[in-house]
Amino acid sequence: MNIAPRNAADSHRKEDAHLARHLSNRHLQLIAIGGAVGTGLFMGSGKTISLAGPSILLVYAVIGFMLFFVMRALGEILLSNLEYRSFADFAGDYLGPWAQFFTGWTYWLSWIVTGVADVVAVSSYVAFWFPELALWIPALGLIFTLLALNLPTVRNFGEIEFWFALIKILAIVSLIITGAYMLSTGFRLPNGSTASVSHLWQHGGFFPNGFHGFVAGFQIAVFAFAGIELVGMTAAETKDSVRNLPKAINSIPVRVALFYLGALFVILTVIPWNQVDPNSSPFVSMFSLAGLGIAAHVVNFVVLTSATSSANSGIYSTSRMVYGLATFRLAPSLFGKLNQRKVPVNALFFSCIFLLAGVVLLYVGDSIIEAFTIVTTVSAVLIIFIWSIILASYLQYRRKRPDLHEKSTFKMPGGRAAVAMVFGFFIFILWALAQKPDTAIALKVTPLWFVLLAIAYAVVKARRSRLPAGA
């Protein structure tokens, strides 16, 4: 039964006109970069290198390649109907209201989980400089600051993300230039090793830890790409999305090649993979070797802004998703209200309240590290669900609206065959996550969320059936 009657959809169209298109191409390009390049590159790459060795280059290349097709499917459907505000909207159109409900609330949870982790991370980064400061102060400060910055207009979000993403770009480009110079000059490490491309195969080969080490790299690396779909949340608030959205999506392969593969290549060729400390940032090691005494402070500043950027993206995307659900009566109508500046303030406050859980988690104790391994894996599984819904929607779009596909000027390369390939890859990722005890626990826990959603959807569906037609 369709729980969003035609008149409800029509009211959504009228409401949607009030969302302001204040994001320019400059904003969109940097938001896309911010979504594709996460904190994991700066802080988590040491761990992934220790697991997969030089084959981590192939891990990131494969993930980036597969997700390019997801983004092209997303782009083709969004551009086929400019009234869509997000992938939840077109999931509802092509798969049914249940898909819109499940997609919207699952995406909300994935960003809330990530946002809570970011709140805790920001507190630890601030403690690097101010160890005596109570942890709850920077945590609360972050939440209230981002709330205050997002309340005025959507352009504020775009500006914040523009500068945060720019800081990440400058840090990565600086690392690549520094590493390239060290490699070209045959830089000698304190232990006598010389920077060389041969490090990629000399220390146990390209796959030094075998197939299992290669698979282990996917377990961690896939979470680093969570947020790549964020550009799809900006469709209703972007100027000239027909021109700007394809630009942002088509630049994804370049971003992955430059920022992920470029940075990891220079790290692996300057420092042999078996000498990379899995417990510290290889960015710090590289800048320290280059003679930058304040490397730890510089990288701490970069990861602080990266975590803040992620939390900012979470506040933006969850508020827009809940707002969209409310206009379809799949969330309380309270969240479907806009203020005079065309910002969904009630949905914004709702998401910020849940981020406060991060303040509580700061005082849980040592078990928080294990807990975050589980919740970040849960978030990765939820994101894979979202990516799968985008692809499933694409298949239905091709089946139900071949006319729109035929007219599209931004067709997804590979079509249905590419979708089958990416679905196969997602099955491989889920299998990889099942290979380690801590990530396997997350796979067992995640289905509980979908059971909860099914119950909630049944309640919403029953409530809608009792309302008079046109209510």
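**Exercise 1.** Determine whether the end-to-end distance of helix α7 (residues 97-129) agrees with its number of residues.

*Solution.* The expected span of a helix is 1.5 Å times one less than its number of residues. Helices are DSSP runs of H or I with at least four residues, and strands are runs of E with at least two, numbered from the N terminus.

The model is predicted: local features need pLDDT of at least 70, side-chain atom pairs count only at pLDDT 80 or more, and totals for chains, interfaces and linings use all residues. Residues are numbered from 1 along each chain as its sequence is written, and side-chain values use heavy atoms, with hydrogens and water left out.

**Exercise 2.** State how far α7 and α15 are enclosed by the rest of the structure.

*Solution.* Buried means under 20% relative accessible area, exposed over 50%, and partly exposed in between (1.4 Å probe, protein chains only). In α7, 28 of the 33 residues are buried, so this helix is largely enclosed by the rest of the structure. In α15, 29 of the 33 residues are buried, so α15 is likewise largely enclosed. Helix α15 comprises residues 295-327. Just after α15, Arg-329 takes a positive phi of about 60 degrees.
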